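Dear colleague,

Please find the structure below for your files. My notes on the ligand site and the pockets follow.

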Amino acid sequence: MPPSTASKSQQTDVVIVGAGPAGLFQVFELGLLGITAQLVDVLPKPGGQCIALYADKPIYDIPGLPFCTGRELIERLMQQVKPFAPAFHGGHQIQTLSQNTDGLWQLGTDQGFELKARCVIIAAGVGAFVQRRLQVPALDALRGMQVFSVVPTSIQNQHIVVVGSHNEAIQTCLDLTQSSDPPLSVTLLHRREVLDADLDLQQLFKLACDAKKIQFKLGQVTDVIVDRQRMTHLQMATPEGLFESITVDLLIEKLGMSPKLGPISQWGLAMDRKQLQVDTQTFATQSPGIFAIGDVIGYPGKKKLILSAFHEAALAAYGIAQYLNPNQSIPFEYTTASARIHQRLGV
Ligand SMILES: Cc1cc2nc3c(=O)[nH]c(=O)nc-3n(C[C@H](O)[C@H](O)[C@H](O)COP(=O)(O)OP(=O)(O)OC[C@H]3O[C@@H](n4cnc5c(N)ncnc54)[C@H](O)[C@@H]3O)c2cc1C
């Protein structure tokens with residue numbers, strides 16, 4: 001999908017907040033009706049929960065697909081929306097949503113980018129995926145200097161501590177040991193002995209520990225020791241209830257992603273128990289021009305399933321088409337038989 005944030009502000013007919021399976025299939029359903037949409041997601045790539053939480057796990061309940069992983073489903077959806085070439089603004093969290101006096105909805109991102117649209121579809125799932133961080137207040141002042149979620153370029157002569165237990169944490173440790181510019185030491189810190197990474201990675205990790213290339217420490221960070229504005233040690237509590245300190249120059253947080261509903265609850269939209277309320281004929285919210293689908297919505301009988309999101313996207317597309325063209329009747333057509341749809345799909 002082409003990225004598109006060259007200018008600070010853009011105007012379009014439809015903006016979709018969230019590029020999970022719901023947002024992606026919404027692009028397709030709108031495309032069938034001749035409507036192009038732009039996608040925004042705080043994650044750098046589309047996929048939502050399917051990629052962030054279970055990329056390599058199997059899904060068995062997608063109609064017509066007896067089995068696929070989260071990643072395969074997203075790859076197939078990306079292929080399906082290709083004919084409609086939606087602009088994708090990755091790495092942008094929508095912070096603000098308000099209506100201008102001209103009726104256009106204005107969306108502002110945390111990167112200072114603005115989008116104006118006649119219609120907005122909120123497909124924000126369980127919220128924006130953000131990196132989990134250690135909840136140790138003393139680390140906040142060190143973020144970007146000695147505390148990172150991505151390994152910085154200069155690691156030579158550094159004592160590096162990686163916190164986490166999933167694939168990304170283990171892979172980061174292994175990559176550090178392979179570096180042409182090796183650090184002084186690599187330590188993996190996790191609160192318990194059992195790791196959550198895939199078994200093949202765990203085996204490689206064990207070999208690297210046996211070869212003394214990586215140290216594995218059990219404990220939870222409680223505080224840091226700072227000397228002349230530089231973090232020198234992490235203080236941690238061990239599972240046995242003892243306190244230890246370990247030398248550190250760089251701390252890499254690889255604790256995985258967690259979703260945060262965040263700013264959506266401040267946009268003045270009707271919500272019940274953190275779910276957006278919609279009309280289930282069109283998936284319109286009570287704010288004209290704002291629609292919502294997928295895990296972010298609630299209605300009687302709602303199930304947080306991908307196939308439910310697909311159904312919601314199909315109905316929302318008709319609702320949106322009618323909203324954008326109030327004086328036209330929107331034809332209902334089959335993809336098998338409609339020449340107009342074939343032309344739009346390029347088939
Ligand atoms: C472990 C696990 C297994 C599952 N297995 C199945 C299964 O087998 N079958 C099934 O049908 N369902 C399954 N589900 C549920 C399924 O993944 C969800 O129903 C589906 O992902 C919902 O899609 P969505 O697009 O609504 O939301 P999401 O997938 O959550 O995508 C929403 C996107 O919106 C983005 N976003 C949110 N707020 C903002 C903002 N303010 N600005 C920018 N971006 C924002 C997020 O970063 C995210 O990428 C599973 C879920 C989990 C966690």
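Helices (H or I, at least four residues) and strands (E, at least two) are DSSP runs, numbered from the N terminus. The model is predicted, so to speak of local features pLDDT of at least 70 is needed, side-chain atom pairs count only at pLDDT 80 or more, and totals for chains, interfaces and linings use all residues. Residues are numbered from 1 along each chain as its sequence is written, and side-chain values use heavy atoms, with hydrogens and water left out.

The ligand has 30 residues around it (a heavy atom within 4 Å), and among those that come nearest are Asp41, Tyr54 and Ile94. At least two residues of this shell come from each of α1 (21–32), β2 (37–41), α2 (48–52) and β9 (128–131).

Polar contacts here are pairs of N or O atoms within 3.5 Å. An oxygen atom of the ligand lies 2.9 Å from a backbone N or O atom of isoleucine 306, and for phenylalanine 129 the corresponding distance is 3.2 Å. The protein buries 86% of the 1000 Å² that the ligand exposes when taken alone (Shrake-Rupley method, 1.4 Å probe).

The largest pocket has a volume of about 1100 Å³. A pocket is an open set of points on a 1 Å grid over the protein atoms alone, where a 1.4 Å probe fits, with protein on both sides within 12 Å along at least five of seven lines; lining residues have an atom within 4 Å of a point. The volume is the space filled by probe spheres set on the points. Its lining takes at least two residues from each of α2, β9 and α5 (167–178).

With kind regards

Definitions and conventions
Polar contact = N/O pair within 3.5 Å; in protein donor to acceptor, adjacent residues only side chain to side chain.
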